[in-house]
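Biologist: I have the sequence and the coordinates open. Can we go through the ligand surroundings and the helix packing?

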Amino acid sequence: MKFIIAIIQPHKLDEVREALGEIGIQGMTTTEVRGFGRQKGHQEIYRGSEYTINYVPKIKLEIAVPDDLAERAGEVIREKARTGNIGDGKIFVFNLESAVRVRTGESGPEAL
Ligand SMILES: Nc1ncnc2c1ncn2[C@@H]1O[C@H](COP(=O)(O)OP(=O)(O)OP(=O)(O)O)[C@@H](O)[C@H]1O
Ligand SMILES: [Mg+2]
């Protein structure tokens with residue numbers, strides 16, 4: 001199993017969620033977050049000799065997926081979250097050791 005954390009633009013959430021549903025992703029967690037990337041949240045305006053770092057609102061997606069869906073899920077997020085402008089986000093993929101469905105006690109990919 002893999003665990004995907006993706007940071008995306010808030011207005012892309014619905015499109016990404018719908019496309020992930022279409023490939024068989026059954027659950028995800030979303031959180032409103034704030035962050036910055038290479039542009040430090042703005043277009044590098046100097047204030048004296050200092051940068052001001054602005055935190056820009058983003059959505060964090062957390063998705064546990066079976067191995068056979070991981071690559072496709074990453075591609076779908078990349079395609080659907082992309083506008084081509086700066087700030088489109090990042091996708092991080094981790095190995096996931098275990099997962100348990102609390103109600104039934106199922107574990108592993110069946111729990112996802
Ligand atoms: N190295 C990082 N570690 C953790 N989170 C990051 C990292 N880089 C970016 N993020 C998160 O992703 C969001 C979007 O980043 P962003 O797309 O601006 O990255 P970038 O590297 O600056 O790319 P671009 O040049 O396309 O803007 C940030 O607001 C932050 O929440
Ligand atoms: Mg950026």
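Biologist: How many Å lie between a backbone N or O atom of Asp88 and an oxygen atom of ligand 1?

Modeller: This is a predicted model, so the value is computed from it. A pair of N or O atoms counts as a polar contact within 3.5 Å. The backbone atom of Asp88 and the ligand 1 oxygen meet that cut-off, at 3.4 Å.

Biologist: What distance separates a backbone N or O atom of Arg38 from an oxygen atom of ligand 1?

Modeller: Ligand 1 has 13 residues around it, and Arg38 is one of those that come nearest, as are Gly35, Gly87, Gly89 and Lys90. For Phe36, a backbone N or O atom is 3.1 Å from a ligand 1 oxygen. For Arg38, the distance is 2.7 Å.

Biologist: Are α1 and α2 roughly parallel or roughly antiparallel?

Modeller: The axes of α1 (residues 13-22) and α2 (residues 67-81) cross at roughly 150° and come within 9 Å. Angles over 145 degrees count as roughly antiparallel. The two helices, α1 and α2, are therefore roughly antiparallel.

Biologist: Which residues of α2 make the contact with α1?

Modeller: The crossing of the α1 and α2 helices is right-handed. On the α1 side, the contact is made by Glu15, Val16, Ala19 and Leu20. By class, the contact has seven nonpolar, two charged and no polar residues. From α2 come Ala73, Val76, Ile77, Lys80 and Ala81.

Key
Residues numbered from 1 in each chain as written. Chains lettered and ligands numbered in written order. Predicted model: local features only at pLDDT ≥ 70, side-chain atom pairs only at ≥ 80, totals over all residues. Heavy atoms only, no water. Axes fitted to C-alpha atoms, helices over the stretch in contact; angles between N-to-C directions. Helix = DSSP H or I, 4+ residues; strand = E, 2+ residues; numbered from the N terminus. Parallel < 35°, antiparallel > 145°, perpendicular 65-115°, else oblique. Left-handed = near helix turned anticlockwise from the far one by under 90°. Contact = heavy atoms within 4.5 Å. Nonpolar A, V, L, I, M, F, W, Y, C, P; charged D, E, K, R; others polar. Near = heavy atom within 4 Å. Polar contact = N/O pair within 3.5 Å; in protein donor to acceptor, adjacent residues only side chain to side chain.
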